Structures are given as C-alpha cells and as structure tokens.
Amino acid sequence: MNKTKISMASLLVLMMVVLGACGNGNNANSSGNSAAPSEASSNSGNAGGAGSTQENVTIRVGLVGGGMTPLIAQIGINDGSYEKAGITVKEEDFSSGADMVQALVGGSLDIALGSYEHVLRQQKNGLGVKAYGEIFNGGGYALVVKKDAPYQSLADLKGKTLAVTKVGSLSDTVLREGLKEVGIDGNKDVQIINGGSGATMLAAIESGKTAGGMTSEPTISQMVATGNYRVLYDPPYDFAGIVVMAKTDWVDKNQDAMRRFLQISSEINDRAQQDPASAVTAMQKAFNQIPADVMQTAVKNQLAKVPEGLKVTEAGAKKVSDIEIEQGVISEEIPFDKTVDLSLLPQ
C-alpha cells in the first residue's frame, strides 16, 4: 500500500470514529417519551396552511439509529415537514429493532419504523401489529470490497472470509441470501465473521482480514468517495425492509393521525425524488460529519429504494416471510392481508 492510500484510509477511519460518536449523540437526544399517553394527543390549530384547519397531533415514533434506511422520516423530522403539517413527531432512537418493537407493543411508541420481520413475529405471538406503509424496500446493506480486489461477483468469493455487522443480524441474512442465489453455502463455503460498523468494518476490509464487508449508508458512499473501495453486491431483490408499523388498536383510535403521517411521508418522498439535493441539509443534521456531495450520493442511493406510493409489495413481504420460515422463526406463511393494511395510504 502506498503512503497516499495509508493516509486516506487513516483519514476515513478518523471520520468514521467521529461519525459513530455523532450517531451515539443522536441516540442520547432521543425523547424517551415512555410516559406519554397511548393515543395520539391533539389540539386545535391551523395545521394545514392557508384555507385548512386540522387538529395538531403528537405521534411517538421509533427509529433504529445509525443508518439512513428511515430516510423519509429523517428528512421530514429534520426539515420540519411534519411539524408544518401539524404533526409533532416525538422521535425515540433505538440500537435494535427488537428493543423498538418491544416499546411499541408495550405502549410507549405509537409508530415504529422497522423491518417487516417484526410484524410477522408479533402476529405469530397473537399481537395485533400491522404494516401500514413502507419507506425502504431492501435490506439496507451492500457488500463493499477494495477497489483493486479481483472479485467481480459473489460467485468469486467461495472460500473467502466475509464480514457482517453481527452474525445473525439483518446484514448477515441478506448476504447469505445473495450467496445462496449463486450456489454458495454461507455455513460451509465461506467464513462469515462479525465486522461491526463504521471504523471497525473499514479496518477489517483495509487490513485484509476480510475480503469484503456488509455496510450501510452513508458509510458506503463515504468509502466509495475515497476512490479506494467499490460496491460488489447490492441485493437486488424485493425485501420489505423498513415498514411503518403500529398496533391495530392504536390505529383504530387514531386513523386520522396515521393517515396524515403517511400523507406527509408520501409528499416528502415525492419532493425528494424530484430534487434529491433538497434533502441534503436535513440529512446532514443527522450525520453532520458527512460532506454535502457525499451525502447527496447517499440520499440518491436510498431514494432509489423507496417503493412507489410507499406500498409494501407482496413479493417483498414474501421474501421476508420465506426467510423467517427457513430460520424457524415462524412455522408457516401468514396471509398478506393479516399483516399489511394499505388503506390509509394516499390514493
């Protein structure tokens, strides 16, 4: 490795350490509004701008911090779109989807933005949780390798060591699915190790400890921007990634609140799709160490995976369901209409 590459890699490691600290800081700033009431609170006001009057509502929304898969909500929270529409979003960040869904079921959240697998698991447990929309179609991770690595596809990685954030996590699941499609057994033909995220993942790839690592945005764009790395594999299949989930009894009592949240989310998506640059400033509030040009690339990458009309697709839901059955989490397929309700989305 020449001195230039060493220097650039060192700088990137430093940036990722700072980025990780930034992410922790975001978590520390979460509202932690566990004592709030179980119904969306409301008060009268002119929330819809000129010519319209709607009640202001407060919704407690959970997100898993550290990445950009909840992009639409992150934009809306940070640029004030929800607030301008009379929706006060009380954001609470979690380090895992399981903890977030536990808070949802326990009643300290109204809406959770997380993987569809959690909807299936709650349905299996007999709990009334459904997906009412989808803001990200995909696993949220891509396999990054050194730019000069000889590998051109997953099929070239047989016998290699690969890193995921944590074995058993979503990054592990989507990598194994990709390997399976090219005839590689993730348990026998490769070694899959824990790589963490950010600086630790970068160090594992840069040192040669692993041939590649599963990474999420904005780290992907940050690494590629150095010129030293490239994306080898970005899962191309439908996968119900980040859905808008809630308890059915909460939605029954707060249909207008959920409908308005989905309406504004759809408008945010339409606006960002037309002008991705308009979302950069809002996203830099969440990731303030990412340069504007890198963030714009990351935003474009994420927007490409926001489903049309924020609709959960049956193909994406089935993909998640099949994986859950294969892993023994659920024993049989749960009908789509038992887990998904798209009736409150804008028509």
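In which sense do strand β6 and β10 pair, and over how many bridges? Strand β6 (residues 142–146) and β10 pair in the antiparallel sense over four bridges, where two strands pair if DSSP finds at least two bridges between them. This is a predicted model, in which local features need pLDDT of at least 70 and side-chain atom pairs count only at pLDDT 80 or more, while totals for chains, interfaces and linings use all residues. Residues are numbered from 1 along each chain as its sequence is written, and side-chain values use heavy atoms, with hydrogens and water left out.

**The sheet**
- Five strands form an open sheet with mixed pairing, in the order β8-β7-β9-β6-β10, the strands (E, at least two residues) and helices (H or I, at least four) being DSSP runs numbered from the N terminus.
- β8 (191–194) and β10 (229–233) stand at the edges with a single partner strand each, so one side of each is left without a neighbour in the sheet.
- From one strand to the next, the twist averages 35 degrees, angles running from 0 to 180 degrees between N-to-C directions of axes, which are lines fitted to C-alpha atoms, for helices over the stretch in contact.
- V145 has R230 in β10 as its bridge partner.

**Helices across the sheet**
- Helix α6 (residues 170–181) lies across β7 (161–164), β8, β9 (212–215) and β10, and runs at about 140 degrees to β7.
- Helix α7 (residues 199–206) lies across β6, β7, β9 and β10, and runs at about 160 degrees to β9.

Notes
Contact = heavy atoms within 4.5 Å.
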